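Please read these notes with the structure open beside you. They are meant for someone new to reading protein models.

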Amino acid sequence: MLAEEVEELHAIHPDKRIELDVIGDSQGVWDGQRPQQLLGNLVHNAIRYGARDAPVRVVATCDVTQIRIEVRNSGPAIARTSLAHNFDPLARSGEHEDKSNASNLGLGLYIASEIAKAHHGEIEARSDGTETAFSVLLPRAGDL
């Protein structure tokens, strides 16, 4: 599922390097293609706001009970005040607002967050002067 989504994203953005590293068995029980949508939203966000010449890195670390998917990109840091509201609906960070895409409603991270919650998972973001990372923790199986 992860490789399929990364291949599709690469086809949409052929000029962007998207690297995938899967550590462990990434199989689990989830609601159809929602985790793919979650990953797609995070990668689109990383491409939109990250450094143009740096790759977007997707790392999935899997253990017996859960999978952690992390999407990382290089570029300017997101202010702490903005990080706190990144998952709010219709929220877009002012310093990273994509002026070329006025139709962007700021729902991608909100939707990713809701998908994580629906799967009894968690999502968080961190950012510093060198890298921004969005991490999603999903149980491998659960009541949906």
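The numbered points below go from the whole chain to single residues.

1. Overall layout. This is a predicted model. The chain has 144 residues, and 42% of them are buried. Its secondary structure consists of four helices and five strands, which follow one another along the sequence in the pattern α-β-α-β-β-α-α-β-β.

2. Contacts and surface. Among contacts in the chain with a separation of 6 or more, 64% are between residues 24 or more positions apart. The accessible surface is about 7900 Å², and carbon and sulfur atoms account for 50% of that area.

3. Helix α2. This helix has 16 residues, and the distance from its first C-alpha to its last is 23 Å. That is close to the 22 Å expected at 1.5 Å a residue. The helix is mostly covered, with 12 of its 16 residues buried.

4. The largest nonpolar core. This core has 27 residues, and those touching the most other members are Leu39, Leu42, Val43, Ile67 and Val71. Two or more residues each come from α1 (2-12), α2, β2 (56-62), β3 (66-74), α4 and β5. The largest share, six residues, is supplied by α2.

5. Ile67 as an example. What does Ile67 contact, leaving aside its neighbours within four places in sequence? Its partners are Leu2, Ser26, Trp30, Ala60, Thr61, Cys62, Val136, Leu137, Leu138 and Arg140. Ile67 is also one of the core residues that touch the most other members.

6. Helix α4. The helix spans residues 108-118, and its buried residues are Leu109, Ala112, Ser113, Ile115 and Ala116. Looking down the axis of α4, these buried residues fall within an arc of 160 degrees, so they line one face of the helix.

7. His120. This residue comes just after α4, in the loop between α4 and β4. Is His120 buried or exposed? It counts as exposed, because its relative accessibility is 51% and the cut-off for exposed is over 50%. The phi of His120 is near 60 degrees, a positive value in a residue other than glycine. As a general rule, most residues other than glycine have a negative phi, which is the reason to look at this one.

8. The aromatic pair. How many aromatic pairs does the structure hold? There is one. It is formed by Phe87 and Phe134, whose rings are edge-to-face, 6.0 Å centre to centre and with 90 degrees between the planes. The pair links distant parts of the chain: Phe87 is in the loop between α3 (80-83) and α4, while Phe134 is in strand β5, and the two are 47 residues apart. Both Phe87 and Phe134 are buried.

9. Asn86. This residue is found in the loop between α3 and α4. At 9% relative accessibility, Asn86 counts as buried, because the cut-off for buried is under 20%. Leaving aside neighbours within four places in sequence, Asn86 is in contact with Ile78, Leu109, Ala125 and Phe134. The C-alpha atoms of Asn86 and Glu124 are separated by 9.3 Å, although the two residues are 38 residues apart along the chain.

10. The start of the chain. Met1 is in the segment before α1. Its relative accessibility is 38%, so Met1 counts as partly exposed. Not counting residues up to four places away in sequence, Met1 touches Trp30, Pro35 and Gln36. Met1 and Pro35 are 34 residues apart in sequence, with 8.4 Å from C-alpha to C-alpha.

Key:
Residues are numbered from 1 along each chain as its sequence is written. This is a predicted model: local features need pLDDT of at least 70, side-chain atom pairs count only at pLDDT 80 or more; totals for chains, interfaces and linings use all residues. Side-chain values use heavy atoms; hydrogens and water are left out. Buried means under 20% relative accessible area, exposed over 50%, partly exposed in between (1.4 Å probe, protein chains only). The arc is that of the directions from the helix axis to the C-beta atoms. The expected span of a helix is 1.5 Å times one less than its number of residues. A nonpolar core is a set of buried Ala, Val, Leu, Ile, Met, Phe, Trp, Tyr and Cys residues joined through side-chain atoms within 4.5 Å. Contact means heavy atoms within 4.5 Å. Rings of Phe, Tyr and Trp (its six-membered ring) pair if their centres lie within 6.5 Å; planes under 30 degrees apart count as stacked, over 60 as edge-to-face and the rest as tilted. Accessible areas come from the Shrake-Rupley method with a 1.4 Å probe; for residues, only the protein chains shown count as cover.
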